[in-house]
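Come along, and I will jot down what I look up as I go.

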Amino acid sequence: MRISDLISMTVKNLLRRKTRTLLTVAGVIVGTCSIVLMVSLGIGQTEALEQNIAQMGDLTMIQIYSYGENAETVLNDETMQRILAMDGVQAGTPFYNAPNMELKLFSGKKDRYQMQLWGVRGVYADQLENMGFNLAEGELLPAQSTQGGKNKTYQMLMGKSMVYEFTDTKAKGQAAYRWEGMLDANGNQLPPFVDPMKDELTLVMEHTTYDENGTANREEARCEVEISGILGSKDPNTYDENSYNLYMDINDLKELYEEYKETFDIKEEKNKKNEVTYNNAKIKVSDIDMVESIDKAIKDMGFETYSLNSIREPMMEQMQQQQLFLGGIGGISLLVAAIGISNTMVMSIYERTREIGIMKVLGCKLGNIRSVFLMEAGLIGFFGGLAGVGISYGISYGLNYLTMSGGALSGVLGSMLGGMGGGGSLSVIPLWLAGAAVLFATVIGLLSGFSPANRAVKISALEAIKHE
Amino acid sequence: MAAIIKIENLRKVYPVGKERIVALNNISFDIEEGEICCILGTSGSGKSTLLNQLAGLEKPTKGSVTIGKTNISVLSETRLAKFRQKYIGFVFQSYNLLPAYTALENVAMPLMFRGVSKKKREQKAKELLKLVGLGKRLSHKPTQMSGGQQQRVGIARAFVSKQKIIFADEPTGNLDSKTTREVMELMVNLCRKYKETFVLVTHDRDLALYADRIITLADGEIIKDERNQSIARTEEQIAAEQTAMESKEESKNTEE
């Protein structure tokens, strides 16, 4: 028998008993819908969680810590190079903190605007671009400032929010401060006192000593400084951790510290090896899948690490379990639908016993008879799955519409499903889920039709013809 | 002429409760190619059982049925289906048309099972339906036709794929005497035309008169095997026989 004939025969058989076919298909639709929707809720939740974690920072970043001087492995330029040489490490830099250095930034007429510089960090300037530093304005740090010596102009990167740290020394009370989102009387946003990209700035080194009477003796020295760029996201709603940081090239900062010590005649106890070590560093991994292995390799070197990935993994595992559970609940109704298909097929074989017998006597091959029944069951599954997925898309759209911020159900369902918030969709049906659902329904149909089809094949032609 | 069906020591026993009923008791005979053979017997004589054995619908308890060179008593279900597809056509008492299909589709069905294309098989089916006088009822469903018309569709179906052997089990059992005559003449004519072997099973002595040979069965045994001398051949039949010779050559050519 030709395949086209098999198909047309199958379709004809299904159309002959429209009501029964439709009812059976309806069962599959309900089953498919419940499984698809349950899984889609799980996916929606996972996506919301992913979004939330991604908002917390870059998932491909690993922080490295080295505690204490007794640690076997110290974090220095040499170990840092070893880490950077690892496969999959895209970029990285240690953070160098010059201890006990008081720095200030002055600007405006008669040093009207001033700002304390705490925690300027030295970084590898050439790594910043690959680290994914976001610039709101200007450029990243040039490599170590070319001109050396006393009259050097230091380059600095400033976080977007740090700019608001400038205070007005002439003003009193609240008027001395500016902060992000501060409005004037007309409701307009107030800019910071200083535009570091345009206004002239001075870097001021301070040192205070106390004499025997406890009188403070304040000394200061000035040097040139330029802000090469403002760090932070251009989108005001996105959090960027660098908004609150200040960076200099690591060698510039070391140089500045030497100058500081020289200027104020500070003697420092050098460590035995006379080398600079870092407390922490940060690296960026090129592929999120490699984060785990690199994280482990660095731990094996003797360092402590922290990455968002390490909190993401257990959360994802939990999500997967939840999804499995939800899918299982949906699966029960598909199982009921499968029983429905089996029942329909058995009924239809009873009804068509005589017909099957005639077909056999007319020389229809057994394989063809089996195919006809299998295909009927398969088609019921296929169309049920197809319609089920279609309806699921509709329901999913409806759910998302209702739970959208301010929707009638947002409170109820939100809290019921863990309330991830974050503005993500409650239910997400990716293409693979739609495809898998149709396939699954078809396979269920075929499986349910398998035993009835074999039964049809076994019907004795003679008995069937006599069957009234 | 060569024997196309060979029956050797055929025995069929049905267990009914604790008793064993012998339906066929060591029957042996041959049917020759192109022969119109009637198996005559009262109900319970074993004639239907015999037909079922001949057509391979039932396995014998003992003995064998050989069609052509194939012993069909030992064939598996799958092989039997193939064999029937190739060699055997059926006409039933209760017509056994598929109610969901039109006359045309019913007649074309054996060809569909063989994998003949829709266009070709419907053309052949149309031809046959015209031959049985139903050229204008192609798209009627069985329920929209009279018993005689339904049986003619059944006959067209049996002859459509030019089978070597046609079996008919009380083909006129549900028809009135006038229609019976028409249907019988039609079948005999077609058999002669296509030179096919025809095995008719009936209890009706009048029907047996259409056959070349009459085998009478009683209690599972052959009690009489006679040549029918009294066949009144009409002018028509003789003419049909002659054209059959020619058209068989033709149809052979077209089939190959």
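Entry 1: I counted on 1.5 Å a residue, so the 14 residues of α1(A) should span 20 Å. I then looked up the end C-alpha atoms of α1(A) and found them 20 Å apart, which agrees.

**Entry 2: the buried side of α1(A).** Which residues of α1(A) are buried? I noted A:Asp5, A:Met9 and A:Leu14. Next I asked what the buried residues of α1(A) pack against.

**Entry 3: where the chains meet.** I have 18 residues of chain A in contact with 19 residues of chain B. On the side of chain A that touches chain B, at least two residues each come from α1 (3-16), α8 (353-361), α9 (366-403) and α12 (461-466). Which helix gives this side its largest share? It is α8(A), with four residues. Sorting the residues of that side of chain A by class, I get nine nonpolar, seven charged and two polar.

**Entry 4: two helices within chain A.** Back inside the chain, I looked at helix α2 (residues 18-56) of chain A against helix α11 (residues 431-458) of chain A. Their axes are 10 Å apart, and the two pack at an angle of about 145°. I wrote down the crossing of α2(A) and α11(A) as right-handed. From α2(A), the residues that meet α11(A) are A:Val28, A:Thr32, A:Ile35, A:Val36, A:Val39 and A:Ser40. On the α11(A) side they find A:Leu433, A:Ala437 and A:Ala441. By class, this contact of α2(A) with α11(A) holds seven nonpolar residues, two polar ones and no charged ones.

Entry 5: I finished with the confidence values. Chain A has an average pLDDT of 83, and 90% of its residues score at least 70. Chain B averages 85, with 89% of its residues scoring at least 70. Over residues 418-422 of chain A the pLDDT is below 50. This stretch still has nine contacts in the model beyond near neighbours in sequence. A reminder to myself: where pLDDT is low, the predicted coordinates should not be read in detail. For the complex, the predictor gives an ipTM of 0.79 and a pTM of 0.66.

Definitions and conventions: Residues are numbered from 1 along each chain as its sequence is written. Chains are lettered from A and ligands numbered from 1 in the order in which they are written. This is a predicted model: local features need pLDDT of at least 70, side-chain atom pairs count only at pLDDT 80 or more; totals for chains, interfaces and linings use all residues. Axes are lines fitted to C-alpha atoms, for helices over the stretch in contact, and angles run from 0 to 180 degrees between N-to-C directions. A crossing is left-handed if the near helix is turned anticlockwise from the far one by less than a right angle, and right-handed if clockwise. Two residues are in contact if their C-beta atoms, placed from the backbone, lie within 7 Å. Ala, Val, Leu, Ile, Met, Phe, Trp, Tyr, Cys and Pro count as nonpolar, Asp, Glu, Lys and Arg as charged, and the others, Gly among them, as polar. The expected span of a helix is 1.5 Å times one less than its number of residues. A residue is buried if 20 or more other C-beta atoms lie within 10 Å of its own, exposed if 12 or fewer, and partly exposed in between; C-beta atoms are placed from the backbone. pLDDT is the predictor's confidence in each residue, from 0 to 100.
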